[in-house]
Amino acid sequence: MEKKNKKAGPGTVKTGRNVTIKDLAGELGLSITTISRALSGYSDVGEKTRKRVEDAASRLGYRPNRNAQRLVTRRTHNIGWVQPDNERKFLDPHFVEVMAGVLRGARALNYDIVMTSATADHEMTTYDRYVKDNSVDGFIVDLPREGDPRIDYLLEADRPFVVHGRESRHPRYGWVDVDNYGNFYRLARLLAANGHRKIAFINGDERFIYAHSRRRAVEDALNDFGIGTGGLRVYNSLHPMGEVGFKLTTEALRDGEVTALLYSSILMAIEGHNAVVRAGRTVEKDIAIATMDDVLHYLDIDHVADSLTFVRSSLQDAGLALVEEISRQCDGHNEPSGMLVPSTFHVLPDWDASSLELPVPEERAGEY
């Protein structure tokens with residue numbers, strides 16, 4: 001495999017200019033084919049030769065020509081991410097956090113993100129175009145719904161993809177998710193264990209699986225606790241979750257018997273906290289607040305953190321994991337796999353937190 005290149009010799013390449021693969025071959029006295037296969041990780045190149053090539057490429061500042069590589073490897077190192085044609089989506093801090101993690105992961109793993117928007121009636125045409133012209137190696141799919149047509153298409157096309165979330169076919173594809181069911185089952189059980197019987201749940205858009213799963217978890221927890229859902233009131237925001245926390249909390253507080261507020265987002269919880277104060281009620285004293293905290297970096301919660309109980313899981317970490325899963329499939333040729341982003345609970349010191357030590361019922365522990 002190590003064919004010699006006799007037209008050049010070691011030490012002939014000067015640093016500080018655009019080094020080509022031909023220059024690298026001449027510097028090492030190897031063929032261009034050997035250099036290319038060594039840098040592409042082919043197994044027919046010996047480890048000693050691969051190390052020589054990689055060291056020389058690093059020393060001389062060689063950067064592979066993506067277009068040339070694509071012709072040889074049929075890889076683009078692009079990841080497609082198709083977004084709805086909805087300007088509110090790009091202002092959503094939850095989306096921004098995921099995107100920050102995706103961009104960080106792409107940079108670390110030598111990928112570029114190809115992002116575009118499509119109207120609902122052209123969404124699948126966009127996926128089809130990317131697949132047919134081989135312009136991306138894989139896809140990120142976010143905000144899945146049950147029976148999602150994007151997942152239908154990509155499974156049929158047999159292209160690598162990863163979903164931020166899961167639906168019933170998740171054993172067949174890569175996914176990254178938070179434990180929506182488990183986290184909200186525990187939060188609801190925690191409220192019940194601390195004596196709350198009239199709870200307002202300010203949830204997300206239940207057309208999407210994450211919000212539907214959270215509602216189901218809350219209802220199951222209250223039923224399992226033995227108090228039922230007669231005292232539960234659910235209020236839904238549209239996606240993306242914008243400045244509706246204040247409005248929905250004000251609506252919920254019209255019921256003077258409500259003693260606990262449960263939120264699907266820290267963003268809505270902060271607005272809800274303000275609504276509680278505006279209504280002349282006191283957080284902790286007569287209203288308990290529990291929430292999901294996705295670690296929105298632009299949002300300072302220090303002024304209210306001591307009055308909230310929350311479960312925290314980083315959307316940036318989820319974004320990073322999405323790219324890592326695509327890399328596993330494309331670079332490592334691994335089968336798709338799923339990952340739950342870790343969550344941690346922060347409970348007010350005067351609350352009884354013993355219920356958190358109880359597991360989610362075994363038959364539902366894998367719910368999503």
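At what angle do helix H8 (residues 180–193) and H9 pack, and how far apart are their axes? In this predicted model, the two helices pack at an angle of about 40°, and their axes lie 8 Å apart. The crossing that H8 and H9 make is right-handed. On the side of H8, the contact is made by Asn180, Tyr181, Phe184, Tyr185, Ala188, Arg189, Ala192 and Ala193, while H9 brings Tyr210, Ser213, Arg214, Arg216, Ala217, Val218, Asp220, Ala221, Leu222, Asp224 and Phe225 to meet them. Sorted by class, the residues of this contact of H8 with H9 comprise twelve nonpolar, two polar and five charged ones.

A second pair to look for is helix H5 (residues 93–108) with helix H12 (residues 315–330), whose axes come within 7 Å and cross at roughly 40°. H5 and H12 are therefore oblique to each other, and their crossing is right-handed. From H5, the residues that make the contact are His94, Glu97, Val98, Ala100, Gly101, Val102, Arg104, Gly105 and Ala106, and from H12 they are Leu315, Gln316, Gly319, Leu320, Leu322 and Val323. In the contact of H5 with H12, eight residues are nonpolar, five are polar and two are charged.

The crossing of H10 and H11 is right-handed. In H10 the residues Gly245, Phe246, Thr249 and Thr250 take part, and they meet Met268, Glu271, Gly272, Asn274, Ala275, Val276 and Arg278 in H11. This contact of H10 with H11 has four nonpolar, five polar and two charged residues.

From the helices we can turn to the spaces. Rolling a probe the size of a water molecule over the atoms shows where empty space is left. How many cavities of 30 Å³ or more does the structure hold? There is one, and about 480 Å³ of space lies in the largest cavity. Its lining is made up of 29 residues, of which Val98, Leu143, His164, Tyr210 and Leu315 are the closest to its centre. H5, helix H9 (209–225) and H12 each supply at least two residues of the lining of the largest cavity, and H9 gives the most, with four residues. By class, the lining of the largest cavity divides into 14 nonpolar, eight polar and seven charged residues.

There are also pockets to consider, and the second largest pocket holds about 420 Å³ of space. Which residues lie nearest the centre of this second largest pocket? They are Pro84, Glu123, Arg145, Arg150 and Phe208, among the 18 residues that line the pocket. The lining of the second largest pocket has seven nonpolar, three polar and eight charged residues.

Conventions
Residues are numbered from 1 along each chain as its sequence is written. This is a predicted model: local features need pLDDT of at least 70, side-chain atom pairs count only at pLDDT 80 or more; totals for chains, interfaces and linings use all residues. Side-chain values use heavy atoms; hydrogens and water are left out. Axes are lines fitted to C-alpha atoms, for helices over the stretch in contact, and angles run from 0 to 180 degrees between N-to-C directions. Angles under 35 degrees count as roughly parallel, over 145 as roughly antiparallel, 65 to 115 as roughly perpendicular and the rest as oblique. A crossing is left-handed if the near helix is turned anticlockwise from the far one by less than a right angle, and right-handed if clockwise. Contact means heavy atoms within 4.5 Å. Ala, Val, Leu, Ile, Met, Phe, Trp, Tyr, Cys and Pro count as nonpolar, Asp, Glu, Lys and Arg as charged, and the others, Gly among them, as polar. On a 1 Å grid over the protein atoms alone, a cavity is a set of points where a 1.4 Å probe fits but cannot get out, and a pocket is an open set with protein on both sides within 12 Å along at least five of seven lines; lining residues have an atom within 4 Å of a point. Grid points are joined across faces, edges and corners, and a volume is the space filled by probe spheres set on the points.
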